[in-house]
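Here is a short report on one protein chain.

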Amino acid sequence: MMISAVLVFDQPIALKRLKRTLDERFLTFRRFRQRVVTEGDRAYWQDDPLFHIDNHIHVLALPGDGGKQELQTLTSDLTSTSLDFRRPLWQIHYIENYQGGCALLVRIHHCIADGISLVRVLLSLTDNSPEPRLSRVSTSSHTKSHAPQGLRQLASRALHNGQTAIDQAGLFLKSIRNDPGYPFKLATTAGNITVDLLKLGLAPAEPDTCLKTPLSGRKHVAWADPLSLAEVKVCARALRGTANDVLLCAAAGALQRHFIATGEATPECGIRVAVPFNLRPMRQPIETLGNQFGLVLVTLPVEETDPIMRFRQVQENMNRLKRSYQAQVTYSLLDLFGRGPDVLERRALSMLSNKASAVLTNVPGPKKPVYLAGAKLTQPMFWVPQSGNIGIGLSIFSYAGTVQFGITIDKNIKADPANVMGHFRESFAELLDAALHNNEQNTARAAS
């Protein structure tokens, strides 16, 4: 259950400067100084009394010339290795002499925060120019907690829940005063949420393919050479869709090519991927971490051979999901079951994982290059973990005019990560050609 990142830089980073940046920007979040303590069925956060940054930063060198393949092998090994629960749940491996610069391999446990938050936290370490202005943070952010304070935590939660209920009641009364039809709208929304909950529960399990197989826990990680974001946007405009639609369509085409290459029958009803949906306002400052996301199940039409028709189906599926409450429903389910017995939580995760073959994330990053401790970030990649019996994670990340695409896949799944990366680029190229050709035909018809 780790969120992993590989960050490649154009020049070496001085280790002392890296640690200072982490101390002043990363460790201001108290969670990164805390460990998880478990007592029976209860778990809580506790400041690590022996915290030291050197326990979390490790320097490595790749064998030989240390190219992309060697870094992918190292990343695969570390993303298959658990973090040490005796300490705060994060690690950074500094990779020396990588392609004339360096790389950072970052692992952070999902219990600290969701992927969107952690990407924003990592990007908060960077600057828009090579010369940062670091300022010493207040030591009050590093204050230590004492005992587990179970009674105090319980009282705090009760107070928070009570205040939330009062706020919601006030909002409800205000809405009725402003809009007499609000109760009817509320009832309609409740009905739609109930329908989405039933649809989620009654959705059939995923088809039996090589993508759904008992998992080993050992992973392969790979990433493709980046695409041009400008070309992705050209394709989206030509098809009157979004860049997200284009990238999901390319992912569907990549999986279709995988089925063809391995000789396996392509599922006639497509396959579903679980897509994390951010429920935290993007402009809201990240003052506290934690998880605020739901999951939506997106059907990828891997059976459709025509790229334009495949795009239209993806677009229709995404538009339908945007009007649904599936993300809020899954968030509420996970939050509810997470507060109950472990057996309920396991059943909820099992139900969701049986309805998807992969997890797919698409996160927008900075539009311009950023710098960490003076070094330019040239290629960032992020992966979220997969729960239950899902063994594939697909990652799409836009950065500085490029689109990065990566995959993590369990070694028991009969798929070559490098081949899937190649299929993604081929699928996008096919869709772009078809979109431009289709656009030219439409322009010619309009002119005649």
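## Overall make-up

This is a predicted model. The chain holds 11 helices and 15 strands. Of its 448 residues, 46% are buried.

The chain has an accessible surface of about 22,800 Å². Carbon and sulfur atoms account for 55% of that surface.

## Helix H7

H7 covers residues 243-262, which is 20 residues. At 1.5 Å a residue, H7 should span 28 Å.

Is H7 mostly covered or mostly open? It is mostly covered, with 15 of its 20 residues buried. Just after H7 comes glycine 263, with a positive phi of about 80°.

## H6 against H7

Helix H6 takes in residues 229-239. The axes of H6 and H7 come within 8 Å and cross at roughly 100°. That angle falls in the range of 65 to 115 degrees, so the two helices are roughly perpendicular to each other.

Which residues meet here? H6 brings Val232, Cys235 and Ala236. H7 brings Ala243, Val246 and Leu247. By class, this contact has 6 nonpolar residues, with no polar and no charged ones.

An α-helix has 3.6 residues a turn, so residues three or four places apart point the same way.

Definitions and conventions. Residues are numbered from 1 along each chain as its sequence is written. This is a predicted model: local features need pLDDT of at least 70, side-chain atom pairs count only at pLDDT 80 or more; totals for chains, interfaces and linings use all residues. Side-chain values use heavy atoms; hydrogens and water are left out. Helices (H or I, at least four residues) and strands (E, at least two) are DSSP runs, numbered from the N terminus. Buried means under 20% relative accessible area, exposed over 50%, partly exposed in between (1.4 Å probe, protein chains only). Accessible areas come from the Shrake-Rupley method with a 1.4 Å probe; for residues, only the protein chains shown count as cover. The expected span of a helix is 1.5 Å times one less than its number of residues. Axes are lines fitted to C-alpha atoms, for helices over the stretch in contact, and angles run from 0 to 180 degrees between N-to-C directions. Angles under 35 degrees count as roughly parallel, over 145 as roughly antiparallel, 65 to 115 as roughly perpendicular and the rest as oblique. Contact means heavy atoms within 4.5 Å. Ala, Val, Leu, Ile, Met, Phe, Trp, Tyr, Cys and Pro count as nonpolar, Asp, Glu, Lys and Arg as charged, and the others, Gly among them, as polar.
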